[in-house]
Amino acid sequence: MKNKGAYILFFAVVVALQILVLNHISVSVYAAPVVYAVLIVMMPLETSQFAMLMVGLALGLSMDATMGVEGLNTLATLPVAFFRRSILHLTADLSGLVKIEGVPSAERLGRFRFHRYTIVTMSLHETIFFSMEWLSFNNIGFFIARLLCSTAVSLAIAYLLIYIFTPKLSCKS
Amino acid sequence: MYRLLYFIRKTYVAIIFIVLEIVAIRAYAYSTPYTQSRLLAFSNSVFGGVYKAFGDVSYYFSLRKENVRLTARIAELENRLDICREMLPVQTDSVAEMMHQYEYIAAGVIANSINHPQNFITIDKGINNGVRTEMAVLSPEGYVVGYVVNCSDNFAVAMTLLNTDMRTSGRLATDGNSGLVRWQGGDSAVADFDEVSKYADIKEGDMVVTTGFSHYFPEGLTIGSIESFSLNASQTTYKARVRLAADIARLRNVVLVNNTAADEVRDLESKPKPAWGAE
């Protein structure tokens, strides 16, 4: 990875945004944005599965230690990190690329494929996270509404972060 | 042997993933409100200053509204004090003793969650300010909010009524029949009031207050009012919905209540009871 510094900064920004801002905003009981999985979305295409797993572990542990829940963030983040390569192949079809490397973006993967990849990855994380948090079949309507609203808000914030950070992460230092 | 090494080489990432995931699931499954509050207390010791700075800024903008509300509250309490003075012209020792059973500490809320099944608030006072675990937490109006579950030197974490692990006893103010108040997720303004006798004279709008059975809350504090009720499936008890009196989502200040007699009562209760007929 040629732009490690930019990725470390992105990691810090995403974690700080989640801990210091999003966890303290109570817009509605239906919308609790969890956006830190955007880091996994934005990891370079050539990142190995092992490296992805370690990034997912670091991200999950950081969030668990600061959010006061043992394991919840880690158990939601690890599968997304582990299956990221499969998601990428299923949603973005990399066979057309000359070189599978660089930051995933609409320019590199194609607009539709990039959106599909982002939405599937973020939605998978939100689904695991909220299912494990709820752990009940009570109030299933409320749970579904909360999952859908939270995913929509998280995606909006994730796209904002992608828009801001894609040029910085793409720079070769 | 070569095949085994080849297999491990091909699958080691998947093996690591499965092991890590099992550890994470196990950690989450065994997490309790206590461990959660412990982690929050740790988090507060690291991020407490940052939370406080954020809280101070937003608090500054609500000061005017807060002043109006506090002035109204002072007037109301002055009126109540006058009534009490008229009712108790001579203060006996037992009354004075009773008045000193509870000590009150005012504190600010620097972090609050209402979006999770287990919600907590973080308070800007800790052990150095006389806060200790199991102190009751009330809203400035005197409505039940929760109780302190963990303290650091300068901060405390309290479990609120909006926590699926919290149970507290309540009784109908008009009728005296008691039941169990608990929140089961969803609407942050409404909790359940279960196990109320089917012979209770329950009506919509009836106030639900604390029973005083627990060591946390003084008796007679308002929890909320009955919004709806129905008999349970076996027709043996009432199950009611209670609109909570405290607006926990907008909580800025709280009052902590220390029951100075709690330890004495607990010691007494823990002593072995004499058997019937024993000499």
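Which residue stands opposite Leu138(B) in β12(B)? In this predicted model, the residue that stands opposite Leu138(B) is Val255(B), which belongs to β12(B).

## How to read the model

Residues are numbered from 1 along each chain as its sequence is written, while chains are lettered from A and ligands numbered from 1 in the order in which they are written. Because this is a predicted model, local features need pLDDT of at least 70 and side-chain atom pairs count only at pLDDT 80 or more, whereas totals for chains, interfaces and linings use all residues.

## The two chains

Chain A has 8 helices and 0 strands, where helices (H or I, at least four residues) and strands (E, at least two) are DSSP runs numbered from the N terminus. Read along its sequence, chain A follows the pattern α-α-α-α-α-α-α-α. Of its 173 residues, 38% count as buried; a residue is buried if 20 or more other C-beta atoms lie within 10 Å of its own, exposed if 12 or fewer, and partly exposed in between, with the C-beta atoms placed from the backbone. Among the contacts in chain A with a separation of 6 or more, 70% are between residues 24 or more positions apart, and two residues are in contact if their C-beta atoms, placed from the backbone, lie within 7 Å.

Chain B, in turn, has 5 helices and 12 strands, and buried residues make up 32% of its 279 residues. For the contacts in chain B with a separation of 6 or more, the share that comes from residues 24 or more positions apart is 60%.

## Inside chain A

Helix α4 of chain A, which covers residues 72–82, is mostly covered, since 10 of its 11 residues are buried, including Leu72(A), Leu75(A), Leu78(A) and Phe82(A). The buried residues of α4(A) pack against α2 (38–42), α3 (49–67), α5 (84–92) and α7 (111–134) of chain A, together with α1 of chain B.

Another residue to look at is Val153(A), found in helix α8 (residues 140–170) of chain A. Val153(A) counts as buried because it has 21 C-beta neighbours inside 10 Å. Leaving aside its neighbours within four places in sequence, Val153(A) is in contact with Ala31(A) and Pro33(A); Val153(A) and Val34(A), although 119 residues apart in sequence, are 8.6 Å apart in space, C-alpha to C-alpha.

## Strands of chain B

In chain B, 6 strands close into a barrel in the order β1-β2-β5-β4-β3-β12, and the pairing is antiparallel; two strands pair if DSSP finds at least two bridges between them. Neighbouring strands of this sheet are turned by 45° against each other on average, direction ignored, where the axes are lines fitted to C-alpha atoms, for helices over the stretch in contact, and angles run from 0 to 180 degrees between N-to-C directions. Strand β1 (residues 102–112) is joined by 7 bridges to strand β12 (residues 253–259), and these two run antiparallel, with Glu103(B) opposite Asn258(B). Strand β3 (residues 136–138) is joined to β12(B) by 3 bridges, again antiparallel, and here Ala136(B) stands opposite Val257(B).

Elsewhere in chain B, strand β6 (residues 167–172) and strand β7 (residues 178–182) pair in the antiparallel sense over 5 bridges, and Gly170(B) stands opposite Gly179(B). These strands, β6(B) and β7(B), form a hairpin with 5 residues between them, and Gly176(B) in the turn has a positive phi of about 90°.

## The nonpolar cores

A nonpolar core is a set of buried Ala, Val, Leu, Ile, Met, Phe, Trp, Tyr and Cys residues joined through C-beta atoms within 7 Å. Of the 51 residues in the largest such core, Val137(B), Val145(B), Val148(B), Ala158(B), Val242(B) and Val254(B) touch the most other members. Domain 1 (33–88 + 103–164 + 250–262) and domain 2 (167–248) of chain B, with bounds from an automatic or database domain assignment, both give residues to this core, so it lies between them. Apart from it lies another core, of 37 residues, among them Val14(A), Val69(A), Ala76(A) and Val80(A).

## Where the chains meet

Between the chains, 28 residues of chain B are in contact with 27 residues of chain A. On the side of chain B that touches chain A, the elements that give two or more residues are α1 (2–29) and α2 (33–61) of chain B, and the largest share, 9 residues, comes from α1(B).
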